[in-house]
Amino acid sequence: MAEYNPGVIEPKWQKYWEENDFYKTDEAGKKKYYVLEMFPYPSGKLHMGHMRVYSIGDVLARFLTMRGYSVLHPMGWDAFGLPAENAAIENKVHPADGTYANIEAMKKQQKALGISYDWDREVATCSPDYYKWTQWLFLLFYKRGLAYKKKASVNWCVKCATVLANEQVENGGCWRCSEDVVVKDLEQWFLRITDYAERLLDDLKLLSGWPERVRTMQENWIGKSEGAEIEFTIVGNGGKIPVFTTRPDTLFGVTYMVLAAEHPLVDELTRGTEREAEVRAFVDKTRKLTEVDRSSTEMEKVGIFTGASCVNPVNGEEVPILVGNYVLMGYGTGAVMGVPAHDQRDFEFAKKYNLPIRVVITPKDHLLKVEEMDEAYVDDGVLVNSAEFDGLPNEEGMRAITASLEQTDRGRAKVTYRLRDWLISRQRYWGAPIPIVYCAKCGTVPVEEDSLPVELPKDVVFKQGGQSPLAAHEGFLHTVCPACDGPARRETDTMDTFICSSWYYFRYTDPHNDEQAFNREKNDAWIPVDQYIGGIEHAILHLLYSRFFTKVLHDAGMTAAVEPFTRLLAQGMVNKDGAKMSKSKGNVVSPDEIIAKYGADTGRLFILFAAPPERDLDWSDRGVEGCYRFLKRVWRLVDRYAGAVAGQNGEIGAVEPAERELRRAIHLALKKVTEDIEDRFNFNTAISAVMEAVNAAYGYMNEKEDDIDTVVMAEALNLLVLMLAPFAPHLGEEMWQRLGNADSVHQQVWPAYDPSVLLQDEVEIVVQVNGKVRGRLTIPAGLNSEEMQSLAMGDQRIVEFIDGKQIVKAIAVPGKLVNLVVR
RNA sequence: GCCGAAGUGGCGGAAUUGGCAGACGCACUUGACUCAAAAUCAAGCGAUCUCUGAUUGUGCCGGUUCGAGUCCGGCCUUCGGCACCA
């Protein structure tokens with residue numbers, strides 16, 4: 001008897017697959033399926049999160065191939081980024097060398113896992129062949145007016161020595177290193193994602209294959225607010241202050257105005273007045289606060305009077321203008337009208353500074369009085385103290401007041417988003433250079449397409465915490481202007497790596513194209529990605545950016561798709577002992593160790609069996625042992641009968657009860673595995689169904705020993721191997737061969753279960769009395785309700801419960817249960 | 001504070017349409033094999049009690065229903081996201 005030896009069979013089959021170009025993608029047929037796992041940053045080492053996401057994708061890819069789909073299942077590298085550059089500073093290894101070495105190391109591990117990637121389509125975002133097209137896409141955005149440079153207050157991470165996009169600030173810290181983010185005024189490149197805010201929000205409707213929580217997170221991030229922009233006139237100079245409000249119905253309740261510290265009018269209104277020094281001190285103090293402090297809800301709301309006032313357009317009233325620490329320059333217009341009676345923040349602020357409070361919305365049943373209020377009234381109601389609008393329900397009041405403002409051009413309906421434009425400049429070396437030059441004569445000039453890529457020079461000096469090496473590289477810096485051939489200076493910022501990852505799934509469809517980013521026809525054959533799999537941490541970042549890119553590319557006529565990812569599976573984390581695996585906790589288990597000890601098939605099986613894919617999974621060494629035991633158990637079964645059943649593929653006619661039972665168990669498992677993979681992605685229950693089938697086969701084996709029906713056993717073993725093959729591809733291949741089959745198990749057609757085998761002559765039903773289980777009955781299959789009921793009532797045990805009682809009602813569910821209600 | 005998800009044995013989890021709660025695996029107990037152990041095969045395994053049976057049990061309280069882990073109302077806890085967004 002041969003032992004199960006994954007250390008031998010796994011490399012054997014990996015070699016076979018590789019030598020036979022096994023996972024090369026077919027032409028996209030009518031039934032195409034694009035399975036994609038988020039490509040990794042090449043850190044050099046796979047972790048369990050990687051192993052999990054690749055295992056999920058691989059089961060799908062293999063299963064769908066067997067189901068007759070042409071499957072695209074590629075892999076690549078999100079290869080630009082800070083860690084490589086930081087390593088360069090510390091270890092004196094060039095980021096390119098380090099990155100490519102890491103890629104090789106990780107690819108080796110992925111191959112050791114037996115994942116069915118088409119390596120011919122591999123892309124690395126740091127390769128000039130790839131970032132040429134990243135730069136080309138930047139120019140496309142630029143030409144379409146979607147890339148622009150402006151001076152703005154931006155988030156700066158001191159530790160990473162670069163700016164960050166809004167999406168990359170988490171709880172006031174850098175997403176990568178958690179360092180507190182500070183605000184700097186810098187001139188930077190942005191992509192106009194806000195132009196697409198409405199479509200990004202609207203098209204979430206199309207994403208029914210996404211988890212609801214991800215859609216909700218994106219919806220919240222885009223943060224649409226409908227309201228009005230209203231202009232107040234400054235007393236004295238006649239200037240205008242526009243404010244955004246979602247409550248135009250409360251306009252008559254305005255008793256003051258607050259500006260953000262950064263608002264340009266603050267300086268204008270106070271310059272040369274007696275209040276100048278005091279206001280400036282306040283502004284400076286406010287601006288020095290970190291983002292964390294400033295956005296904390298606990299921070300006290302403070303403000304200061306500017307000395308100026310403005311006029312409420314709706315009633316001509318003069319109200320004071322203040323500067324407040326709670327008004328954000330980046331949202332709305334950076335100015336807020338104060339309606340203390342109907343906004344809790346305004347209420348607290350007004351109490352603190354003794355500003356007047358005026359009720360303009362009152363509940364329908366009683367009149368709201370200021371003296372009785374200890375908090376703002378924010379619910380619906382009826383307008384009061386609002387001149388001709390008195391008596392209107394507030395919803396109607398909103399429309400009426402906005403319409404009235406529109407007529408006199410002092411305000412208008414307005415939609416505001418929380419989403420800001422995407423800041424894409426990075427003051428670092430290891431990224432795609434922004435293809436722009438600055439000419440003294442021509443100004444900002446895009447690099448011409450035929451001189452792309454703007455290549456990263458390799459001979460650069462990395463310094464600790466300093467500016468980007470590109471800015472100090474004379475050869476890179478100095479160039480000629482594409483417009484006038486005069487001397488010009490290159491942009492030295494590189495692009496946010498999230499740009500590179502926003503279009504890689506397009507490139508996989510045509511990875512070697514050196515004429516175009518990708519060919520439209522090849523792209524349309526595969527895109528959209530049918531199933532995308534990755535971590536929830538990208539719920540906003542990568543997934544929002546990719547949706548934005550797809551829409552721009554669609555508008556540019558490059559793709560038919562309006563959304564890139566039809567279905568999204570947000571896979572859970574892999575923990576150990578209830579905590580995230582981390583070096584500091586000492587609870588890290590690496591895929592390498594598992595492969596070495598049990599083989600890739602065991603590791604894959606465990607990671608899929610331990611929990612449904614979207615849930616967090618707790619790594620259990622015992623659980624892995626259990627899966628290893630299971631595979632050995634399958635191995636022994638096949639090993640015992642392989643010789644006896646090889647070639648036994650005759651027709652199965654009427655068979656004895658033991659054989660019928662085995663066939664039923666196998667076909668039942670096949671049905672469940674098929675449905676669990678296809679409809680539900682519940683690999684854990686699919687695997688448990690295979691386990692049950694194996695247990696049934698053991699039952700048959702223990703009963704019959706060597707006296708088995710070889711044709712029935714042949715069917716059982718072949719079906720078991722086919723079912724198991726997507727989960728344990730090496731073992732599947734080996735057993736398939738040992739059962740005497742030609743070709744690869746992975747090129748077989750996924751078997752269909754036989755419904756007639758599932759039919760039973762007799763079924764067990766449950767008999768309840770008053771909803772309580774009082775007995776079980778084996779009855780012929782296919783009886784109707786009346787027949788079931790009378791059989792149930794004739795059963796000795798049931799008679800004891802119903803004897804002498806009146807049967808009020810009886811419910812019979814065919815083939816399942818009878819419930820007798822007695823009194 | 002707002003939004004979302006989840007609470008089921010000692011543990012991971014199952015129950016897909018309202019119909020036997022706990023599939024499958026782990027752990028544990030027992031039997032077989034063995035000189036013995038490991039491995040393997042087999043059986044048992046929610047709790048309580050007056051133990052061939054009954055009662056009870058899916059975070060808590062209530063409801064709908066012949067019947068609720070599943071549906072409805074109200075809470076509690078945990079996790080995740082957003083958070084002065086005007």
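Leaving aside its neighbours within four places in sequence, which residues is Arg62 in contact with? Contact here means heavy atoms within 4.5 Å. By that rule, Arg62 touches Trp17, Tyr23, Gly114, Ile115, Ser116, Arg604, Ala725, Pro726, Pro729 and His746.

This is a predicted model, in which local features need pLDDT of at least 70, side-chain atom pairs count only at pLDDT 80 or more, and totals for chains, interfaces and linings use all residues. Residues are numbered from 1 along each chain as its sequence is written, and side-chain values use heavy atoms, with hydrogens and water left out.

Arg62 sits in helix H2 (residues 48–66). Helices are DSSP runs of H or I with at least four residues, numbered from the N terminus. Arg62 counts as buried because its relative accessibility is 3%; buried means under 20% relative accessible area, with a 1.4 Å probe and protein chains only.

Thr99 belongs to helix H4 (residues 95–112). Thr99 is also buried, at a relative accessible area of 2%. Its side chain reaches the backbone oxygen of Pro95 at 2.6 Å. Along the chain, Arg62 and Thr99 are 37 residues apart, and their C-alpha atoms are separated by 30 Å.

On the scale of the chain, the assignment for chain A gives domain 1 (1–124 + 208–214 + 524–619), domain 2 (135–192 + 421–497), domain 3 (225–416), domain 4 (620–758) and domain 5 (762–822). These bounds come from an automatic or database domain assignment. Between the C-alpha centres of domain 2 and domain 5 the distance is 77 Å.

Terms used:
Chains lettered and ligands numbered in written order. Helix = DSSP H or I, 4+ residues; strand = E, 2+ residues; numbered from the N terminus. Buried < 20%, exposed > 50% of the residue type's maximum accessible area, 1.4 Å probe, protein only. Polar contact = N/O pair within 3.5 Å; in protein donor to acceptor, adjacent residues only side chain to side chain.
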